[in-house]
Amino acid sequence: MSIACVVIASAKRREHLDRYVLPSVLANGFKEIVVVGDYHVGDGYRYLPVPPITSTTLDALMKRETGTAATKSDWLLYICDDHRVHQGFQMAFNNFCGETDVIVPFR
């Protein structure tokens, strides 16, 4: 089972992405990592620049759709630029995953 991580990025959180988010994503060893939005090219992930158009949640939806189209994995994990991925995510996901098509975590 392959998992891709799609990170929705905004310019205001570039430093947060560099310092916290991307290291947590890269440490998980996802098959594919795609950062979509306002960020920069780097090692270990693909960057797809998608500038804000409406400055609403529609921008995030467009970025999510772009990331989805760019991946080929069986599963997709979408995260925003203010979330980190727990180090044991993939193991927990593999244990939890069953017949469910969509899993939405709660806060």
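With which residue does Arg13 form a salt bridge? The partner is Asp81, with the closest N and O atoms 2.8 Å apart; a salt bridge here is a side-chain nitrogen of Lys or Arg within 4 Å of a carboxyl oxygen of Asp or Glu. Arg13 lies in the loop between β1 and α1 and Asp81 in the loop between β4 and α3, so the pair ties together parts that are 68 residues apart in sequence. Arg13 is partly exposed, with a relative accessible area of 28%, whereas Asp81 is buried at 3% (buried means under 20% relative accessible area, exposed over 50%, partly exposed in between, with a 1.4 Å probe and protein chains only). Arg13, Asp81 and Asp82 are linked in a network of salt bridges.

The model is predicted: local features need pLDDT of at least 70, side-chain atom pairs count only at pLDDT 80 or more, and totals for chains, interfaces and linings use all residues. Residues are numbered from 1 along each chain as its sequence is written, and side-chain values use heavy atoms, leaving out hydrogens and water. The mean pLDDT of the chain (the predictor's confidence in each residue, from 0 to 100) is 89, and 90% of its residues reach 70 or more.

Helices (H or I, at least four residues) and strands (E, at least two) are DSSP runs, numbered from the N terminus. Seven of the seven residues of strand β1 (residues 3-9) are buried, so this strand is largely enclosed by the rest of the structure. Ile3, Cys5, Val7 and Ala9 point one way from β1, and Ala4, Val6 and Ile8 the other way. Strands pair if DSSP finds at least two bridges between them. Six bridges join β1 to the parallel strand β4 (residues 75-80), and six join β1 to strand β2 (residues 32-37), also in the parallel sense. Cys5 has Leu77 as its bridge partner in β4, while Ile8 has Val36 in β2.

The largest nonpolar core has 18 residues, and Val7, Val25, Phe30 and Ile79 have the most contacts inside it. Such a core is a set of buried Ala, Val, Leu, Ile, Met, Phe, Trp, Tyr and Cys residues joined through side-chain atoms within 4.5 Å. At least two residues of this core come from each of β1, α1, β2 and β4. A second, separate core of five residues includes Ile8, Val34, Val36 and Val50.

Elsewhere, Arg19 and Glu15 meet in a salt bridge (3.1 Å, N to O). Both lie in helix α1, four residues apart, about one turn of the helix, and both are exposed.
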